[in-house]
Amino acid sequence: MKRRQFLRDSAIATGAAVTAYGFSRSVLAESRRKSILILGGTSFLGPAIVETALIGGHDVTLFNRGITHPALFSQLEKLWGFRSVDPQAQDLHSLEGSRRWDAVIDVWPHEPTIAVNAATLLKDRTDHYLYVSSIGVYASYSQPNMSEDAPILPYNGKEEDYSPAKAESERRLKAIVGSKLTIVRPTGIAGWRGSGPDVLSWLLRAQSGGRHIGPGNGSDPYQVVDVKDVARFLVASVERQITGTFNLTGRVITFREYLAACNKATDSNAEWIWIPSEVLAKEGVADWNHFIGWRTDPAWRGFAEISSARAFSVGWEPRSFTETAADTLDWYHTPGTKIWDWRDPLQRPWTDPLTPEKEQAILRASRLEKQ
């Protein structure tokens, strides 16, 4: 707590500029070269962490199956292994022994057994353990401005059930690792290497110009975080030994501000026609699938109004949405990129369910109702 208070006071007192790391200069102390073991490291957030660590001059070792993007980071040391809830299938032999790392970053697993097995093996051979969790761990989203101290979900015993399993992984890691644990809870992550339609769907609508549906009245809240900002927070935490639990959700904006930012990012003159949720409901489109990131259920309002004050207090400064949008569109147009809907259990390629024809029909009907 003393470290955090000092860093917070320093940042406030100096009003320092932001560095390429996404942290205030006043709170970025000179740090020695660190040895970092990354569990995963080759899919979306993982590569962003690796690249940020390399920019910082650190030594990086990767542990993974060698299946996802195996050509990435050919210059780095790679340890082969397989993590599984099945003890017969799991293979952590390359992590065994007496070797130490300054920090270990566990990127993706939600299964408690998988998270715990690695932590148990490595806890005494590192000074700092970092785990990427999710805002999905919270027990309720009915209240805005929720902090990291809000209750998290109880465990239902199902390793495959993402949110309760993430929450249980946090609890078990705290018991194993103790005070040298850092947990980050990002909201929906976007940007370079992103394979989901969350931000992309809105950018493509804006980019096409013309008239589009703005869901609701524009006052609903929205949050998104850039993949590079999550990576920068993790690496800066390693450099400065920042421990504890942190929401990484960025700043809350309204949907009106969000769509205006999409226009600006795409240099578009698209016109957003705000249509009440009850009208969209009659058309069968008042849902997250058609308008990703937009929720009307009061029980979920707080989902897009989660506080990142604790991360801001240690100097975290997210990138502008314009940069996130540019990375998202650049990646989308990169040859070989595939976009899929993470909500689809079959992981089929994503196509926008709100086709231009359907959208324009709703807009025409709405206009006629007002006449």
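Q: Which residues of helix 2 are buried?
A: The model discussed here is predicted. The buried residues are L45, G46, P47, A48, I49, V50, T52 and A53.

Q: Against which elements do the buried residues of helix 2 pack?
A: The buried residues of helix 2 include L45, I49 and V50. Their partners comprise several strands and a helix: strand 1 (35-39), strand 2, strand 4 (103-106), strand 5 and helix 6 (227-240).

Q: How many residues of helix 5 are buried?
A: The buried residues of helix 5 are L200, S201, W202, L203, R205 and A206. Helix 5 is accordingly described as mostly covered, the number of buried residues among its 8 being 6.

Q: Against which elements do the buried residues of helix 5 pack?
A: W202 and R205 are among the buried residues of helix 5. Just after this helix, G209 takes a positive phi of about 70 degrees. The buried residues of helix 5 pack against strand 8, helix 7, strand 13 and helix 10.

Q: Why do the buried residues of helix 7 lie on the same side of the helix, and what arc do they cover?
A: In helix 7 (residues 255-265), the buried residues are F255, Y258, L259, C262 and N263. They are placed on the same side of helix 7 because the arc they cover around the axis is only 145 degrees.

Q: Against which elements do the buried residues of helix 7 pack?
A: F255, Y258, L259, C262 and N263 are the residues of helix 7 that are buried. Just after the helix, D267 takes a positive phi of about 50 degrees. The elements packed against the buried residues are helix 5 (200-207), strand 8 (211-215), strand 9 (221-222), strand 12 (253-254), strand 13 (271-275) and helix 10 (321-332).

Q: Which residues touch the most other members of the largest nonpolar core?
A: The largest nonpolar core has 39 residues. Two or more of its residues come from each of helix 5, helix 7, strand 13, helix 8 (277-282), helix 10 and helix 11. The members that touch the most others are W202, F255, Y258, I275, L280 and F291.

Q: Which residues does L280 contact, leaving aside its neighbours within four places in sequence?
A: L280 is one of the residues that touch the most other members of the largest nonpolar core. With neighbours within four places in sequence left aside, L280 is in contact with I213, P215, G216, I275, V285, A286, F291, W294 and I362.

Q: How many residues does the second, separate core hold?
A: L45 and I49, both buried residues of helix 2, belong to this second core. A103 and V107 are also included in it, and its number of residues is 32.

Q: Which element gives the largest share of the lining of the second largest pocket?
A: About 370 Å³ of space lies in this pocket. Strand 10 (225-226), helix 7 and helix 10 are the elements that give two or more residues to its lining. The largest share amounts to 4 residues, and the element supplying it is helix 7.

Q: Which lining residues lie nearest the centre of the second largest pocket?
A: The lining divides into 8 nonpolar, 5 polar and 6 charged residues. Of the 19 residues that line the pocket, those nearest its centre are V224, I253, R319, S320 and F321.

Q: Is N145 buried or exposed?
A: N145 is found in the loop between strand 5 (129-132) and helix 4 (162-177). It is not a glycine, yet its phi is positive, about 60 degrees. With a relative accessibility of 59%, N145 counts as exposed.

Q: What distance separates the C-alpha atoms of K282 and A325?
A: K282 is found in helix 8 and is exposed, with a relative accessible area of 73%. K282 and A325 are 43 residues apart in sequence, and their C-alpha separation in space is 32 Å.

Terms used: Residues are numbered from 1 along each chain as its sequence is written. This is a predicted model: local features need pLDDT of at least 70, side-chain atom pairs count only at pLDDT 80 or more; totals for chains, interfaces and linings use all residues. Side-chain values use heavy atoms; hydrogens and water are left out. Buried means under 20% relative accessible area, exposed over 50%, partly exposed in between (1.4 Å probe, protein chains only). The arc is that of the directions from the helix axis to the C-beta atoms. Contact means heavy atoms within 4.5 Å. On a 1 Å grid over the protein atoms alone, a cavity is a set of points where a 1.4 Å probe fits but cannot get out, and a pocket is an open set with protein on both sides within 12 Å along at least five of seven lines; lining residues have an atom within 4 Å of a point. Grid points are joined across faces, edges and corners, and a volume is the space filled by probe spheres set on the points. Ala, Val, Leu, Ile, Met, Phe, Trp, Tyr, Cys and Pro count as nonpolar, Asp, Glu, Lys and Arg as charged, and the others, Gly among them, as polar. A nonpolar core is a set of buried Ala, Val, Leu, Ile, Met, Phe, Trp, Tyr and Cys residues joined through side-chain atoms within 4.5 Å.
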